[in-house]
Amino acid sequence: MKRFETQFNTEAKKLSLTASEKALLEERLTAYMEYHPMAVPDEKVVKKQILKVSEPFLWLSIPKRVISVSFSVSAIFLLIVVPAMAEQAVPGDVLYGVKVRINEEVRGSLNISAEQKANWETLRVERRLNEARQLAKAGKLTPEMEARVAATVVKQKEIAKEQIAVLNAEDSETATLASATLASVLEVQGTLLEADLGASDTNELTKVIEDSRVDIEDGLESEIVSKEKLTAMLEIGTTRAHESLLSLEGDIGTEQYEQILRRITDIESAIHTSGEGEESQGKMYSAWQDLQKLISYISGLNHPSEVAVETLVPIKLTIEERLKEVAIQYHTLEPEYQKLVALDSEGIEADIFEKLQYSLPNLSDLLEVAKEPNADTLEMAEASLKEARAIIESLVTMLDINPDKIELPIDNGLGTSTATTTDEIIEESNTDQSTSTEILPTIQ
Amino acid sequence: MAGPKKTDNIGSQEDRFLQAFKEYNDALFRHACIRLSDREKAIDVVHDTYTKVWSYVRNGHVIDSYRSFLYKVLNNLIIDEYRKHKEQSLDALLEQEGVDEGAFEELSESTVEALAATIDGRHALGLVEKLPDVYKEVIILRFVDGLGPKEISDLIEESENVVSVRLYRALHQLRELVLKTPSSSLRKIKK
């Protein structure tokens, strides 16, 4: 076949396009291509054009995965890291604007009810005052910054007042409690700030805070809040106080922790032992105010202060503690009374001695009331001892004598002695005067 | 054969097409000229072949092998040309010739070769036009264009066995024509 194929092929090759035919064919085809150009964009041409226009720019091919990861990281940084860092910012810091204008606005927008909004604006007042304390501790509270902070505090206080007014239209009881809370926050934070500033004279900022507190308290009508409402709010508040305190366990000293815990317990006791009537409502309201001060104090412990909790929220003794306290007080004052009774007129001016004699029966009556008190007579005993102490101190001052130098008669019953001689009496009195020079807490 | 494939590498497609024109235009003309026995028609058919392929390419399709694709299009155009003028169909031809499918298995390349060896190729070209187109097609594709049985079967969309049978029958008829026809009376295709 090869021969046939070769011959056949050789003969066939003689059939071919002439040069002119080929040229004409090519011309026809080229014309057809020009009239029927490529339907899809000529990528080669487009690419050339892009290069021509964008030559100064560097074209980077970045994988999609890198872009998505970068976007996620950036989003996390902007939405989580930056706001978290901003929470520690104080006036003058770069992120302070983020804290106030973004973080707080976002948190504020989450509050729906008027009560939540009022509470949030009160919290913002506290935040401003905390920032002032931080600046004071860092020594950055310049007069200019102080004026700026004062203006911010007043502005925030007005916003909180407005929100409380809105709440008042819905629920006057809750609005009253919200006002009491705001006043407590101003009192506590003002006290803490004053201690941080360390100035003997009250500075402008603390004056502004005090004025703000007075402004809030002036409008308060505590009696409109029912006992039931107070009970419920106190229950919620004490739970919050426990939680706040628990969060600080380990960060504060054991003694301070116990002190605060004791006060929360006192408030809880007040809830359960308040009794009935207007007096009970008053006690509950007072407990509410103490609770708010305590909560504000706890929140301020993020920035330690020299102010003891006792300054803001005095301890509330139990009945048993108070009875014990009365007994101690009695055994302190009664010997001093005896000293006064034992005095004679020698060396004492006649009119002064007359005043002494006139006061002794009254003093005796007062001490008698406090001699053996019980739960029912406790308050009277405390009041009697308080008055007796005041009378004794004034008599001692008037007589200008040292009670330690006076012979003390032995009392039968409470402090009864079997001595018959003066020396024995002195010896016994010396033995019994183990508590006479002790510094005892003053009954409030 | 090329599978249609979208691409965005347009510039190179145009270049490839023009290259395919330069490379195969003569061979396509030769093929068309022998089959149609008319030079002018052959040129037109070649022109139409290329314009059709260009239309295919300009829509974004990619042709893997221009050679086979061009021959396919050319062959279809030639068949169209035949159908304009002749009513003879392949089925009719096969029916006329009484092709027995069982005979396919008996045929092989060696059988075809053996038959071709008995034909004077110099004289056969002028007699190819007398063959039925289906025979002319396979003769030209095989012995002028140099396509193998598989390529021919792909192009004409018939099995290789059918291609072999046709080749054998084509050569058989061609041999008889060569033997019958004096060389002096061979009609020359216009060059």
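Predicted model: local features only at pLDDT ≥ 70, side-chain atom pairs only at ≥ 80, totals over all residues.
Residues are numbered from 1 along each chain as its sequence is written, chains are lettered from A and ligands numbered from 1 in the order in which they are written, and side-chain values use heavy atoms, with hydrogens and water left out.

**View 1. Chain A as a whole, with 17 helices and zero strands.** Helices (H or I, at least four residues) and strands (E, at least two) are DSSP runs, numbered from the N terminus. Of the 444 residues in chain A, 39% count as buried. A contact means heavy atoms within 4.5 Å. Among the contacts of chain A between residues at least 6 apart in sequence, 72% join residues at least 24 apart. Chain A exposes about 25,900 Å², with 55% supplied by carbon and sulfur atoms; accessible areas come from the Shrake-Rupley method with a 1.4 Å probe, and for residues only the protein chains shown count as cover.

View 2. A:T176 has a relative accessible area of 7%, so A:T176 is buried. Leaving out residues up to four places away in sequence, A:T176 touches A:L220, A:E221, A:S222, A:I224, A:V225 and A:Y285.

**View 3. A:H242 in helix α10 of chain A.** This helix covers residues 227–247. Because its relative accessibility is 27%, A:H242 counts as partly exposed. Beyond its neighbours within four places in sequence, A:H242 is in contact with A:L261, A:I264 and A:E268. The C-alpha atoms of A:H242 and A:I298 are separated by 9.9 Å, and these residues are 56 apart along the chain.

**View 4. A nonpolar surface patch that includes A:L79.** Seven names to look for here are A:I76, A:F77, A:L78, A:L79, A:I80, A:V81 and A:M85, which make a patch of about 710 Å². Patches are made of residues with over 30% relative accessible area and no salt bridge, where like charges are joined within 9 Å and nonpolar side chains (Val, Leu, Ile, Met, Phe, Trp, Tyr) within 5 Å. A:L79 belongs to helix α4 (residues 64–86) of chain A. With a relative accessibility of 66%, A:L79 counts as exposed.

**View 5. A salt bridge between A:R124 and A:E104.** A salt bridge is a side-chain nitrogen of Lys or Arg within 4 Å of a carboxyl oxygen of Asp or Glu. In this pair the closest N and O atoms are 2.8 Å apart. The pair links distant parts of the chain, since A:R124 sits in helix α6 (residues 114–137) and A:E104 in helix α5 (residues 96–109) of chain A, 20 residues apart. A:R124 is buried at 8% relative accessibility, and A:E104 is buried at 0%. Both take part in a network of salt bridges that also includes A:E87, A:K99, A:E105, A:R127, A:R128 and A:E131.

**View 6. B:R35 and its salt-bridge partners in chain B.** B:D133 and B:R35 form a salt bridge, with the closest N and O atoms 3.1 Å apart. This pair joins helix α8 to helix α1 of chain B, 98 residues apart. B:R35 also meets B:E137 in a salt bridge (3.5 Å, N to O). Here too helix α1 supplies B:R35 and helix α8 supplies B:E137, 102 residues apart. B:R35 and B:E137 are both buried, and B:D133 is buried as well.

**View 7. Two residues of chain B with positive phi.** Most residues other than glycine have a negative phi. In the loop between α1 and α2 of chain B, B:S37 has a phi near 55 degrees. B:S37 is buried, at 18% relative accessibility. B:E157, in the loop between α9 (149–156) and α10 of chain B, has a phi near 60 degrees. B:E157 is exposed, at 57%.

**View 8. The contact between chain B and chain A.** Chain B gives 50 residues and chain A gives 32. Salt bridges between the two chains number three, and one joins the side chains of A:E21 and B:R39 (2.9 Å, N to O).

Note on methods: Buried < 20%, exposed > 50% of the residue type's maximum accessible area, 1.4 Å probe, protein only.
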